[in-house]
Amino acid sequence: MGGCRGGLSTFTFGCRLLSSSVVTASVGGARRVRAVELFEEGVSNAEIARAVGVCGESVRRWRRVWEEGGVSALRRRAATGRPPKLDDAQVETVRAALEQGAQAHGFDADLWTLERVGMVVERVTGVVLSRASVWRLLTGRLGWSLQRPERRAVERDESEIARWIAHEWPRIKKGP
């Protein structure tokens with residue numbers, strides 16, 4: 001909705017609307033609550049825009065919506081769009097399955113990749129997800145982050161490395 005601050009089409013993250021007749025108490029919601037108070041006092045749109053810190057177009061839109069549907073029409077609405085393929089119960093089932101580890105699901109190494117997670121999701125829930133959807137599931141709904149394993153040789157001997165650093169390196173550093 002243009003470049004105006006405080007428009008009706010803003011994103012919400014995890015916010016729930018209260019069952020009261022008041023607009024949600026977010027920053028944009030607080031602005032609209034104050035604007036409604038000023039509407040009822042008969043204050044002009046330009047003065048309301050200055051008072052709540054939004055552009056005049058937002059105030060005009062709010063007034064039009066308020067006049068047509070009252071305060072409840074100004075409430076923020078949940079983000080629209082396609083509903084997620086997995087419901088909350090399925091996500092928890094996937095979380096439990098992933099926490100068992102990759103080897104518990106028949107993979108050679110205990111390392112999760114997007115493809116592996118996608119296979120487990122399909123096995124556990126019957127829902128096929130794209131790589132992008134698996135990524136959103138892991139990072140958004142499960143709260144996981146990207147972890148890359150350190151690359152180290154299998155033959156690495158920590159005690160030999162410590163001995164070399166303590167005895168050989170000082171000798172080499174001194175020089176002849």
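These legends describe close-up views of a predicted model. Local features need pLDDT of at least 70 and side-chain atom pairs count only at pLDDT 80 or more, whereas totals for chains, interfaces and linings use all residues. Residues are numbered from 1 along each chain as its sequence is written, and side-chain values use heavy atoms, with hydrogens and water left out.

**View 1. Crossing of helices H5 and H6.** The axes of H5 (residues 114-125) and H6 (residues 131-141) come within 9 Å and cross at roughly 85°, which makes H5 roughly perpendicular to H6 (a class covering 65 to 115 degrees). Axes are lines fitted to C-alpha atoms over the stretch in contact, with angles running from 0 to 180 degrees between N-to-C directions, and helices are DSSP runs (H or I) of at least four residues, numbered from the N terminus.

**View 2. The salt bridge between Asp88 and Arg141.** The closest N and O atoms of this pair are 2.9 Å apart, a salt bridge being a side-chain nitrogen of Lys or Arg within 4 Å of a carboxyl oxygen of Asp or Glu. Because Asp88 lies in helix H4 (residues 88-99) and Arg141 in helix H6, the pair ties together parts that are 53 residues apart in sequence.

**View 3. The salt bridge between Glu37 and Arg34.** The side chains meet at 3.1 Å, N to O, and the two residues, three apart in helix H1 (residues 27-41), are separated by about one helical turn.

Technical notes: Parallel < 35°, antiparallel > 145°, perpendicular 65-115°, else oblique.
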